Amino acid sequence: MLKAYMVLSIILFSIGVVGLISRRNIIVMYMSVELLLNAVNLSLIAISADLADSSAQVISLVIIAIAASEAALFMSLFVVLFRNRASLDANLFDMLGSKK
């Protein structure tokens, strides 16, 4: 059963990496990062269940809490960026402190 979960985790991680590299929309890039985190969580929980050790499940809960706070931060950042530039294309935000 561990092998099936690990294969699914690798597939999800691969989709996240491809989405992060190939897309230029900030929201799609953020969703790809979330997919990466969830793939890591899935592998941690599968390994934890296979080894009958709950320490990886605790680490997974910490990752979920960090991802939730990251979501709130990024959503507020997206609103500010969209108000300033009227676009969420990542190419427009490549320079820190650039003028409008």
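User: If exposed means over 50% relative accessible area and buried means under 20%, which residues are exposed on the other side of helix 1?

Analyst: The model is a predicted one, and in it the buried residues of helix 1 are Ser9, Gly16 and Gly19. Viewed down the helix axis, these buried residues fall within an arc of 90 degrees, so they line one face of helix 1. On the other side of helix 1, the exposed residues are Lys3, Ile10, Val18 and Ile21.

User: Against which helix do the buried residues of helix 1 pack?

Analyst: One of the buried residues of helix 1 is Gly16, which, leaving aside residues up to four places away in sequence, touches Ser32, Leu35 and Leu36. The buried residues of helix 1 pack against the helix that spans residues 26-51, namely helix 2.

User: What is the relative accessible area of Gly16?

Analyst: Gly16 lies in helix 1, and a residue counts as buried when its relative accessible area is under 20%. Gly16 is buried by that cut-off, because its relative accessible area is 0%.

User: How far apart are the end C-alpha atoms of helix 3?

Analyst: Helix 3 covers residues 55-85, and its 31 residues should span 45 Å at 1.5 Å a residue. The separation of its end C-alpha atoms agrees with this, being 44 Å.

User: At what angle do helix 2 and helix 3 pack?

Analyst: Several residues of helix 3 are buried, including Ile63, Phe78 and Leu81, and the buried residues of helix 3 pack against helix 2. The axes of helix 2 and helix 3 are 9 Å apart, and the angle between them is about 175 degrees. Because angles over 145 degrees count as roughly antiparallel, helix 2 is roughly antiparallel to helix 3, at an angle of about 175 degrees.

User: How many nonpolar residues does the contact of helix 2 with helix 3 have?

Analyst: Sorted by class, the contact of helix 2 with helix 3 includes four polar and two charged residues. Its nonpolar residues number 19.

User: Which residue just after helix 3 takes a positive phi?

Analyst: Helix 3 is the stretch of residues 55-85. Just after helix 3, a positive phi of about 60 degrees is taken by Ala86.

Key: Residues numbered from 1 in each chain as written. Predicted model: local features only at pLDDT ≥ 70, side-chain atom pairs only at ≥ 80, totals over all residues. Heavy atoms only, no water. Buried < 20%, exposed > 50% of the residue type's maximum accessible area, 1.4 Å probe, protein only. Helix = DSSP H or I, 4+ residues; strand = E, 2+ residues; numbered from the N terminus. Arc of directions from axis to C-beta. Contact = heavy atoms within 4.5 Å. Expected span 1.5 Å × (residues − 1). Axes fitted to C-alpha atoms, helices over the stretch in contact; angles between N-to-C directions. Parallel < 35°, antiparallel > 145°, perpendicular 65-115°, else oblique. Nonpolar A, V, L, I, M, F, W, Y, C, P; charged D, E, K, R; others polar.
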